[in-house]
Amino acid sequence: GHSSLHSHDWEHEVYILEGNCKVACEDQEEKASAGYVVFIPPNAKHQFANMGKSALKFLCLVPHHK
């Protein structure tokens, strides 16, 4: 599966727990696997796509904002 290509007004950090994925952020694409941390800036179009047959597990952290 994959998330939709989307953006929002806040940054977030994603810590990959298990699996392999492709991360698209604006005009870049990178592969990430367990142990990687991904920074998504505010308003950046981004998408996560599972690259394997096993589950992709990650933590999505959003700092407190007003």
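## A buried phenylalanine

Phe-48 counts as buried because its relative accessibility is 7%, where buried means under 20% relative accessible area, exposed over 50% and partly exposed in between, for a 1.4 Å probe and protein chains only. The model is predicted, so that local features need pLDDT of at least 70 and side-chain atom pairs pLDDT 80 or more, while totals for chains, interfaces and linings use all residues. Residues are numbered from 1 along each chain as its sequence is written, and side-chain values use heavy atoms, without hydrogens and water.

## The aromatic pair

Phe-48 and Phe-58 form a stacked aromatic pair, with 5.5 Å from centre to centre and 20° between the planes; rings of Phe, Tyr and Trp (its six-membered ring) pair if their centres lie within 6.5 Å, and planes under 30 degrees apart count as stacked, over 60 as edge-to-face and the rest as tilted. Phe-58, at 37% relative accessibility, counts as partly exposed.

## The nonpolar core

Phe-48 also belongs to the largest nonpolar core, which has 11 residues, including Val-23, Cys-25 and Ile-40; such a core is a set of buried Ala, Val, Leu, Ile, Met, Phe, Trp, Tyr and Cys residues joined through side-chain atoms within 4.5 Å.

Apart from neighbours within four places in sequence, Ile-40 is in contact with Glu-11, His-12, Val-23, Cys-25, His-46 and Phe-48, contact meaning heavy atoms within 4.5 Å.

## Cysteines

A search of the whole structure finds 0 disulfides, a disulfide being a pair of cysteine sulfur atoms within 2.5 Å. For Cys-21, the nearest cysteine sulfur is that of Cys-60, 12 Å away. Cys-21 is buried, with a relative accessible area of 1%, whereas Cys-60, at 43% relative accessibility, counts as partly exposed.
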